[in-house]
Structures are given as structure tokens and as C-alpha cells.
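Here are my notes on the model you sent. Please read them with the structure open.

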Amino acid sequence: MIYTYGCALKLKRVRKISRVVTTNVSLEALNTLAIPARAAHFAELTDLAQLPLLLQFARESDLNVFILGEGSNCVFASDYSGLVIQQRLQGIDVQSECSERVLVKVAAGENWHAFVQWCLANNFHGLENLALIPGTVGAAPIQNIGAYGVEVETFIERVHAIEIDSGKAVQFSHAQCQFAYRESVFKRALRDRVVITHVEFSLLKHFLAVSHYPSLSQQLTQPVTAQSLFDAVCTVRRSKLPDPIEIPNAGSFFKNPVISSDQLIELQRSFPSVVSYPVESEFKVAAGWLIDQAGWKQKQLDCVIVHHDQALVVTNPKHRPGASVLQYAYNIQSDIKRRFGIDLEIEPRVIC
Ligand SMILES: Cc1cc2nc3c(=O)[nH]c(=O)nc-3n(C[C@H](O)[C@H](O)[C@H](O)COP(=O)(O)OP(=O)(O)OC[C@H]3O[C@@H](n4cnc5c(N)ncnc54)[C@H](O)[C@@H]3O)c2cc1C
């Protein structure tokens, strides 16, 4: 009798899983580089209640789990043999507010730009400079997205997640997220170990313009308003970055390398026009400048090519496999090392 009851329960669970998990799914339309990789198992997470079932299925089937947002920072090196869970949870809730600040809890599957627009419409400030960054809210803390002098960490209060191994709900304070330039604990120690479900933002009630970036300030007239700053960011981004829908890409393909002042002086001896910015006691070198100087804007390999206006952006117009995109990137890395003695680090997540 117990055996029969157990079997019935198992059958019910298998039926439930087969309604949510599909097999052998193309990821080509789900990553902005248009890499034609396939996922052996795939599920969309639209209801948090589905997550325990999905994680249990992965554990019992001995499958690795990969959490996908909008695929704008991913390079699938090959097909994925585990379970891809696409984060689609929706919802924006105001938790509390005072005269200076408002605390907003946002579900991880919300589109980032739509959330920035929502903030603008509600007079909640701070995120204007991060307009038009592709992707989901849940991915924003992973690499601490940043643009035009603002990093998202400044406004992140707490991150809510579920542990993949145990299914336990966990929370991370701002300090526990260990944010740095394009970095966080979620990209290192907790990589593939948690599903971010919500992010809490502490936003400003009074607008404070961050408009010192030359490309932005050229677009702006005084007084700068939240709307004019948002518009200027959108205009500059549209003029500078290729739209992944037209030309598949993952934004900046390499991080700007950070070097010591001694290294910079050495570099300037051979390349006096090298573009660099001080960062605390070190210097950030413009990776795009290095790639441009090395003549990569004209070089095509297996139909992969850097963008003609943005040397930092590797494009994949013919939807070539991840291996072709990565081979192109490795060639750039070794050329830059040979010419300038600098190691370039790939910014998007490479999934093997
Ligand atoms: C044209 C273009 C311009 C860009 N400009 C910028 C820019 O200015 N600044 C900048 O910082 N970035 C930029 N990016 C990179 C990208 O937009 C961001 O990294 C974005 O946050 C990725 O979001 P996503 O939802 O697409 O994440 P995905 O690419 O789907 O995933 C990225 C990583 O995060 C993990 N992940 C995603 N969601 C979750 C979750 N809920 N829980 C756990 N792990 C998760 C994935 O497993 C993966 O490791 C740009 C990209 C493009 C294509």
C-alpha cells in the first residue's frame, strides 16, 4: 500500500516536471550573441513555487543547473548538458519610504531597462545612468553593472536567493555581496550556487546628477534633470553600441585591465597616446584602445569580427558557434599580451 502511494506521488511529480521542463531546446534566440547552442533540459521560471521541483529534478537526475536571464552576458562554449532555468519572475514592490529614500523590492526576471523607466516615472532616482543596459534585474548584482560613472551596487540594499544544492532561502546584505568593478560574490564563490529571486534597491527621492562623463555632458544642457540625463544616456548608448537584435553581441567583451603606475609609465614609453584613467592608486587602461591599436577592427575570423565603431564589442553576425567566438577572443588576448604585455580578461560568462 505504502509502495503504491509512493509510486503515485512519484508519477504525479514526473507529470508536473514534464509540464515545466522541455528537452533539447535551442538557446539561439535566448542569448544576444545568437550562439546556436542547445540545452538538454530547459525551464522558464515564472512562479517561485516551481523552483523546489526544478531543483529536486536536477538533483535526482544529476544535472548541473544554469540560471539564464536575458543572455546578454553569456557565451555558450558548446551545448549545455544540464538544466537551464530562465529567470522570468515578475513584480515590483515598494517596501518602505522616508523623505530621503525609498526601498523597492524587484523580482529577478524583470527587464532592467523597464525597471529604470519605472523608477523615472515614479521619481525614484539613482539609476538614470544605467538606462538601456540589456538584461534582467536579477543579473544586475552578478557583475555589478555599471555605466557612465555609476555602478548598481551604490543602490543595492539586499539580494534574495535560493541555494541550488539545498533549496534554502538566503539573503545577502550589501557587504556580503562583495561588490567590486564588474564583480561580486555571485560571480566568484557563489557562481552557479544560488538562484537570485529578488533584489532590494534603496533609491533616492531627490535627483542628484552624475553627468561628468564627457560623452554625456556634451549632450546635456543646464539644469540637468532626471529625464534629460536618462535621455542623454539612451542617445549616447544608441549612437555608440550596436543593437544585439541587428548585430549579435554581448556588449564589452573584455574588462578594462587595471595596471600599476610603474606599468603605465613603461607602457607610455612605447605608446605615449595610451588611454588610461586613474582608479584609486592604480590605472585602468582602455581595452578598446589596445584592441583598436592592434588593428582588430578590420580582422575577421570565421565570420566573427569586432564592431567597426567599438573595438571592445565582439560581434557574431552569422550566428557562429561559441567555439568560433571564443577562438577569436583568445586570438585577441594573445595578440594584446604580445604587443603590450597586458592580460585581457573576458567579461561575459563562458558556459562550458
Ligand atoms: C549591447 C550590450 C551592452 C551592454 N552594456 C553594459 C554596460 O554598459 N554595463 C554593464 O555592466 N554591462 C553591460 N552589458 C552586459 C549585460 O547587459 C549585463 O551583464 C546584464 O546584467 C546581464 O543580464 P542578463 O539577464 O542578460 O544575464 P545573463 O547573460 O542571462 O546571465 C549572466 C550571468 O548571470 C547569471 N544569472 C543571471 N540571472 C541570474 C539569477 N537570477 N540568479 C543567479 N544567476 C543569474 C547567469 O548564470 C550568468 O552567469 C551589455 C550587454 C550588451 C549586449
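This is a predicted model: local features need pLDDT of at least 70, side-chain atom pairs count only at pLDDT 80 or more; totals for chains, interfaces and linings use all residues.

1. Start with Ile92. This residue is partly exposed, because 17 other C-beta atoms lie within 10 Å, and the cut-off for buried is 20 or more. Ile92 sits in strand β6 (residues 92-97). Setting aside neighbours within four places in sequence, Ile92 is in contact with Val104, Val106, Glu110, Phe115 and Trp118.

2. Local features here need a pLDDT of at least 70. Totals for chains, interfaces and linings use all residues.

3. Next, the overall fold. The chain has 8 helices and 20 strands. Its C-alpha trace spans about 80 × 55 × 35 Å along the principal axes. The radius of gyration is 22 Å; a compact globule of 352 residues would come near 20 Å, so the two agree. Buried residues account for 38% of the 352 residues. Take the contacts between residues at least 6 apart in sequence: 63% of them join residues at least 24 apart.

4. Which residues have the most contacts inside the largest nonpolar core? They are Val75, Val84, Ile85, Val199 and Ile291, in a core of 93 residues. Helix α8 (residues 322-340) gives the most to this core, with 6 residues. In soluble globular proteins, nonpolar side chains tend to be buried together.

5. Beyond four places in sequence, Val199 touches Val106, Ala108, Val137, Gly138, Ala140, Pro141, Ile156 and Val159.

6. Strand β7 (residues 101-107) joins β12 through 7 bridges, and the two run antiparallel. Across that pairing, Val104 stands opposite Phe201. Strand β10 (residues 156-163) also pairs with β12, again in the antiparallel sense and over 7 bridges. Here Glu163 stands opposite Val194.

7. Follow β10 to its other partner. Strand β11 (residues 169-173) is joined to β10 by 5 bridges, and the strands run antiparallel. His160 has Gln171 of β11 as its bridge partner. The hairpin of β10 and β11 has 5 residues between the strands. Within this hairpin, Gly167 takes a positive phi near 75 degrees.

8. Is Gly135 buried or exposed? Gly135 is buried, because 21 other C-beta atoms lie within 10 Å, against a cut-off of 20 or more. Gly135 lies in the loop between α3 (112-121) and β8. Leaving out residues up to four places away in sequence, Gly135 touches Gly69, Glu70, Ser72, Asn73 and Trp112. Gly135 and Trp112 are 23 residues apart along the chain, and their C-alpha atoms are separated by 5.7 Å.

9. Phe42 is buried, because 22 other C-beta atoms lie within 10 Å. Apart from residues up to four places away, Phe42 touches Val21, Thr22, Val25 and Val84. Leu127 is 85 residues from Phe42 along the chain, and their C-alpha atoms are separated by 32 Å.

10. Last, an open sheet of 3 strands. The order is β14-β16-β15, and the pairing is antiparallel. The edge strands are β14 (258-259) and β15 (276-279), each pairing on one side only. Between β15 and strand β16 (residues 282-285) there are 4 bridges. In β16, Phe283 is the bridge partner of Pro278.

Methods:
Residues are numbered from 1 along each chain as its sequence is written. A nonpolar core is a set of buried Ala, Val, Leu, Ile, Met, Phe, Trp, Tyr and Cys residues joined through C-beta atoms within 7 Å. A residue is buried if 20 or more other C-beta atoms lie within 10 Å of its own, exposed if 12 or fewer, and partly exposed in between; C-beta atoms are placed from the backbone. Two residues are in contact if their C-beta atoms, placed from the backbone, lie within 7 Å. Two strands pair if DSSP finds at least two bridges between them. The radius of gyration is taken over C-alpha atoms; the globule rule is 2.2 Å times the number of residues to the power 0.38.
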